[in-house]
Amino acid sequence: MRKRAKERKGDVEARDNKHVRGKGGGGLVKGEDSLDDILSTSKIPFVLVLDCVQDPHNLGAILRTADGAGVDVVIAPKDKSVGLTETAQRVAVGAAESVPFVRVTNLARTMKKLQQDHGVWLIGTSDKATQTLYDMDFKGPVGIVMGAEGPGLRRLTEENCDLLIGIPMAGKVDCLNVSVATGVCLFEAVRQRGL
């Protein structure tokens, strides 16, 4: 079987995904100058900030969850984070075309802009948190800030959050995968916001 695979190596292609067929290229990747326009269309902004998520599978799963939760925009830094790769698009199963994905040069500056210009309350997830996800009020303009796989939020990102929260864990592992943790946080916000 391996021999046949080697012989056919030039003919092997990735399996087609019906949800992203003909939609490649990340139609909704936006420049940071589009952030004001995106948020001006929302009465109560609902933002997701990703601090250096590097795995395209995680990004794809997060975009799919963000779409389901009704997030207005997903923001990530240009450096040290994955872009909207073909893998991320495939895992997103169409959500990469419906949720605006904005990559910014300076995440801390963008977070301040969200707070000052759009009244967005930024809630970060951290092991250092003294409050839990279920202690928060997500009904107003809110941005949920998720950290990278492994290290979590960078120091400056954490300092620019208004509040830090943790997800209560009952088992032996200390934390969830970033895409799973994002889903838990987003859908607690959805429950409260009545979306």
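## Strand pairing

Two strands pair if DSSP finds at least two bridges between them; strands are DSSP runs of E with at least two residues, helices are runs of H or I with at least four, and both are numbered from the N terminus. In this predicted model, local features need pLDDT of at least 70 and side-chain atom pairs pLDDT 80 or more, while totals for chains, interfaces and linings use all residues. Residues are numbered from 1 along each chain as its sequence is written, and side-chain values use heavy atoms, without hydrogens and water.

Strand β5 (residues 121-125) runs parallel to strand β8 (residues 163-166), and three bridges join them. T125 has I165 of β8 as its bridge partner. Strand β6 (residues 131-132) also pairs with β8 in the parallel sense, over two bridges. Here T132 is partnered by G166 of β8.

## Helix packing

Helix α3 (residues 56-69) packs against helix α7 (residues 178-193) at about 10°, with axes 9 Å apart. Axes are lines fitted to C-alpha atoms over the stretch in contact, and angles run from 0 to 180 degrees between N-to-C directions. The two helices are therefore roughly parallel (under 35 degrees).

The contact (heavy atoms within 4.5 Å) includes A61 and I62 of α3 and L186 and F187 of α7.

## A charge over a ring

R193 lies over the face of F46, 4.5 Å from the ring centre. The rule requires CZ of Arg within 6 Å of the ring centre and within 35 degrees of the ring normal.

Methods. Angles under 35 degrees count as roughly parallel, over 145 as roughly antiparallel, 65 to 115 as roughly perpendicular and the rest as oblique.
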